[in-house]
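Q: I have this one open and I'm new to it. Can we go through how the chains meet?

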Amino acid sequence: MNGPHDLGGRHGFGAVIPEDESILFHADWEKRVLGMTLAAGALGYWNIDASRHARECLPPATYLGASYYEIWLRALENLLITYGEVRDDELDAQAMLQPGLRVERRLDAKAVPSVLAAGGPADRPGPAPKFAIGDHVRTRNHQPSGHTRLPSYARGCRGVVTALHGAHVYPDSNARFEGENPQPLYTICFDARDLFGSDADPAHKVSIEAWEPYLDPA
Amino acid sequence: MHDHPDHDNEMDDMTARVRALETILVEKGLVDPAAVDAIIDTYEHKVGPRNGAMVVARAWAEPEFAQALREDATAAIESMGFVGRQGEHMVAVFNTAEEHNLVVCTLCSCYPWPVLGLPPAWYKAPAYRSRAVREPRVVLSEFGISLPQGMSIRVWDSTAEVRYLVIPDRPAGTDGMSQNDLADLVTRDSMIGCGVARPPATSGTAA
């Protein structure tokens with residue numbers, strides 16, 4: 001979707017503000033949002049692509065005005081409402097008004113180390129790749145209303161395949177719960193001038209990961 | 001509402017909102033507050049950029065490990081015990097005298113948690129996400145880094161589940177240092193590409 005999250009190449013956001021690496025959070029509530037977001041994932045209602053899409057679907061002004069943990073919180077609330085585990089009136093009352101549904105899937109504290117260590121690998125058996133390292137490709141003008149991982153700045157651009165990663169879960173399908181639909185995944189390297197115009201630095205290259213349905217031969 | 005001048009019981013809006021959601025989820029039996037604590041503890045105290053620094057130090061000290069990182073970073077990093085969420089598919093990119101590497105996630109906040117821990121706020125904020133791909137040299141200047149004239153720059157936008165770890169150049173004057181001491185020179189930002197490794201302390205300087 002052409003949402004507020006698709007920030008690559010946009011102007012007007014000002015300077016980066018570096019911080020000391022000891023600073024992990026800016027408020028204690030951010031820690032609880034981190035923990036709740038990961039813990040609620042264990043309920044099994046959504047996958048990583050659907051949770052990213054929930055963040056992208058926040059109203060643009062909200063998304064751009066929020067810290068990242070606030071984005072996570074708002075998306076988590078919306079997902080829990082979507083799946084009926086939390087109701088608006090409960091958030092207003094700040095109290096439970098109906099029992100939980102998938103209580104049997106609650107992530108217990110003792111399972112946390114193994115769940116975090118297992119992660120969620122995205123590689124799957126899938127179709128053989130059509131492209132090889134060194135092949136020239138052009139990204140499609142792919143702009144679905146749903147979730148996609150082709151950034152807008154890299155649409156319709158010519159690049160070269162620099163790595164193959166096997167087949168990975170295809171986010172455009174997975175975010176809609178239409179199956180994992182594994183597709184060959186590539187690293188595509190672009191000359192910055194092909195992305196950002198002739199004023200760009202000739203000694204600057206940008207790469208993305210792109211699934212085969214984002215690509216045409218060039 | 002707030003009769004007491006000391007405001008002891010006042011919560012800011014976000015704190016109240018988060019507490020409300022956690023209260024509801026815990027009452028419902030959907031979230032174990034001890035699990036939330038355990039997740040926080042993991043990323044506050046157990047998993048952070050020291051892991052990545054140990055990977056970098058070993059790559060500097062052991063050419064065969066550096067080669068293993070080039071060939072299969074996921075396996076090489078796993079061999080040091082660093083595995084899990086947001087590090088399932090790792091790629092290590094090596095800075096050279098000719099090319100500098102910089103990592104970003106323009107679409108969200110993808111970051112190699114098992115080796116770097118949680119991403120800093122700036123990594124997830126619009127300024128970095130919008131500009132790292134378009135004007136990386138200007139972004140680097142905001143970190144106090146100026147690349148030599150003629151050095152090329154490659155920006156890696158993490159658009160899939162592949163996660164990147166930058167292996168910065170080894171500083172001069174570090175021959176014979178232990179991997180532990182080498183790791184002390186490796187900053188988090190240098191492993192994102194927004195910094196360089198620290199020079200070693202000059203010999204003879206007393207603490």
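Q: How many residues of chain A are in contact with chain B?
A: 76 residues of chain A are in contact with 66 residues of chain B; contact means that C-beta atoms, placed from the backbone, lie within 7 Å. This is a predicted model: local features need pLDDT of at least 70 and side-chain atom pairs pLDDT 80 or more, while totals for chains, interfaces and linings use all residues. Residues are numbered from 1 along each chain as its sequence is written, with chains lettered from A and ligands numbered from 1 in the order written.

Q: Which element gives the largest share of chain A's side?
A: H1(A), with ten residues. Helices (H or I, at least four residues) and strands (E, at least two) are DSSP runs, numbered from the N terminus.

Q: And strands, which ones pair with E5(A)?
A: E5(A) pairs with strand E3 (residues 152-157) of chain B in the parallel sense, over five bridges; pairing takes at least two DSSP bridges. In E3(B), B:Arg154 is the bridge partner of A:Lys205.

Q: New topic: how many residues are in the largest nonpolar core?
A: The largest nonpolar core has 112 residues. Such a core is a set of buried Ala, Val, Leu, Ile, Met, Phe, Trp, Tyr and Cys residues joined through C-beta atoms within 7 Å, where buried means 20 or more other C-beta atoms within 10 Å of a residue's own.

Q: Where does it lie in chain A?
A: Between domain 1 (28-118) and domain 2 (123-217), because both give residues to this core. The domain bounds come from an automatic or database assignment.

Q: What does B:Val56 touch?
A: B:Val56 touches B:Ile167, B:Pro168, B:Val186 and B:Met191, leaving out residues up to four places away in sequence.

How values were computed:
Two residues are in contact if their C-beta atoms, placed from the backbone, lie within 7 Å. A residue is buried if 20 or more other C-beta atoms lie within 10 Å of its own, exposed if 12 or fewer, and partly exposed in between; C-beta atoms are placed from the backbone.
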